[in-house]
Protein chains: 2
Amino acid sequence: MKRAQTETQKSEREAQIIQSALEQFFQNGFSATTMESIGRHAGISKGTLYLYFDSKESLFIAIIKTIAIPQIEHLEALLIQKPSVLETLALLQTELPRLLRVSQLPKVAKVLISDAFIFPEVVRHYRTHVVDRGLSAVANCLRRGMDNRELVPLDPEMTARLVFAPVLMSAIWTLVFDRTCNTQLNLELLFETQHKILIRALTLDEASHV
Amino acid sequence: MKRAQTETQKSEREAQIIQSALEQFFQNGFSATTMESIGRHAGISKGTLYLYFDSKESLFIAIIKTIAIPQIEHLEALLIQKPSVLETLALLQTELPRLLRVSQLPKVAKVLISDAFIFPEVVRHYRTHVVDRGLSAVANCLRRGMDNRELVPLDPEMTARLVFAPVLMSAIWTLVFDRTCNTQLNLELLFETQHKILIRALTLDEASHV
DNA sequence: ATTTACTTACTGACTGGTCAGTAAGTAAAT
DNA sequence: ATTTACTTACTGACCAGTCAGTAAGTAAAT
């Protein structure tokens with residue numbers, strides 16, 4: 001393998017290792033993944049891995065921290081951008097399928113779920129810095145809508161969870177079932193259907209419902 | 001360990017082994033679980049395991065097949081029992097938290113998700129015999145309601161997925177986050193909120209919505 | 001320009017330990 | 001005495017992490 005000389009090349013290699021490790025952990029789980037195979041898929045030897053990361057565990061932690069945070073910041077930015085809650089919900093309908101398809105977040109989630117009990121402190125970190133942040137962003141948006149009578153009053157925390165539930169389900173579905181059964185879940189139709197349901201359920205339109 | 005003499009005692013022991021294996025696979029994943037620890041938790045030695053199951057893999061398959069099927073049959077029975085779709089939805093609101101709390105289905109799901117790629121044929125079996133059956137049961141129920149104008153017309157397959165999404169989310173949440181963060185998700189409030197949303201979104205009441 | 005001395009990214013064989021599965025042995029019941 | 005449920009000591013394969021060595025690059029001296 002070509003030697004990484006400059007700092008830029010080195011951080012490129014580090015990113016390459018993290019990618020390879022994510023793919024291996026995702027496919028085989030933490031325990032069944034060998035350091036040798038992470039190295040091979042990154043195009044380097046096992047020994048070189050240890051020049052970049054202390055241990056298998058520190059590699060796991062690096063994956064969670066480097067991949068998930070930028071995505072959640074993107075989502076937060078998205079949610080405060082629109083003034084109206086209804087516009088925000090409409091935005092989610094198109095953004096969520098995109099997030100599921102192009103980001104690495106579903107893979108990270110699968111890895112985290114699978115090996116949660118080996119690394120409880122990583123789970124706690126992920127929960128407070130990724131999951132709770134995402135949920136709060138949506139819950140706050142909904143609460144604003146409920147407060148200024150744009151939306152029906154409901155528990156905003158629970159409603160936020162219900163908004164995210166199909167995202168988790170789709171992530172698992174596409175990664176686990178679609179991969180092993182060679183099928184393809186229609187994400188656009190799923191989120192379009194969810195959007196219709198949410199709009200009908202949450203809006204106080206036409207002065208009909210009590 | 002007391003010797004299992006009769007056929008009844010033997011199948012009790014088999015069930016005990018399956019329980020122990022589920023707990024271990026759930027906590028540590030397939031690869032990191034040792035046969036010795038499965039035996040220890042079932043109160044027998046490692047060698048005895050091999051009198052009941054050929055291999056670690058056959059133990060994994062036995063878990064999926066013996067635990068999930070009875071639960072899904074229970075759900076199917078529940079869904080055809082009530083004549084009205086609305087009554088069925090109301091029933092789900094109380095049944096789903098119960099299923100999440102008392103059945104082993106969430107643990108089985110977590111194990112299956114974690115080790116999906118090691119056993120693709122098990123995933124396919126689980127999908128056709130458990131997941132697709134459950135989804136179809138709900139989708140058929142919804143389709144009936146849409147056909148006889150009890151419900152708003154929407155894609156019944158997708159709506160069924162949206163009904164189940166919070167179940168999967170709650171399963172993961174309670175098993176992964178609540179366990180490691182010492183919190184407790186309010187399942188009753190969650191499903192009550194979902195029920196309110198579904199009722200408002202799906203019913204064609206008061207002749208208001210188009 | 002070439003040699004020489006030095007630095008550093010990288011390699012892969014090795015070690016200590018683990019574990020699935022096996023087979024020889026024990027003991028309870030008939 | 002024989003069968004049957006179970007135990008335990010063992011084996012061979014596998015792997016995380018280490019470390020002695022290699023080779024690629026750099027720079028000073030000739």
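**The surface near the DNA strand**

Tutor: In this predicted model, H3(A) is the element that gives the most to the surface near DNA strand C, with four residues. Helix H3 (46–52) of chain A is joined there by helix H2 (35–42) and helix H3 (46–52) of chain B, and each of these supplies at least two residues. In total, 19 residues surround DNA strand C, and the closest are Ser45(A), Gly47(A) and Thr48(A) from chain A, with Thr34(B) and Gly47(B) from chain B. By class, the residues of this surface divide into six nonpolar, seven polar and six charged.

Both chains take part in that surface, and they also touch one another: 41 residues of chain B are in contact with 41 residues of chain A. On the side of chain B that touches chain A, two or more residues come from each of helix H1 (7–32), helix H6 (105–114), helix H7 (120–147), helix H8 (156–181) and helix H9 (187–202) of chain B. H8(B) gives the most to this side, with 13 residues. The residues on this side of chain B divide into 21 nonpolar, 11 polar and nine charged.

Within chain A, helix H5 (residues 85–102) has 18 residues and reaches 25 Å from its first C-alpha to its last, close to the 26 Å expected. H5(A) has a kink of about 30 degrees at Thr94(A), shortly before the proline Pro97(A). Pro97(A) is one of the buried residues of H5(A), which also include Leu92(A) and Leu96(A). The buried residues of H5(A) pack against helices of chain A, among them helix H4 (56–81) and helix H8 (156–181).

Technical notes: Residues numbered from 1 in each chain as written. Chains lettered and ligands numbered in written order. Predicted model: local features only at pLDDT ≥ 70, side-chain atom pairs only at ≥ 80, totals over all residues. Contact = placed C-beta atoms within 7 Å. Nonpolar A, V, L, I, M, F, W, Y, C, P; charged D, E, K, R; others polar. Expected span 1.5 Å × (residues − 1). Bend = angle between axes of the 7 residues up to and from the residue. Buried ≥ 20, exposed ≤ 12 C-beta atoms within 10 Å, placed from the backbone. Near = placed C-beta within 6 Å.
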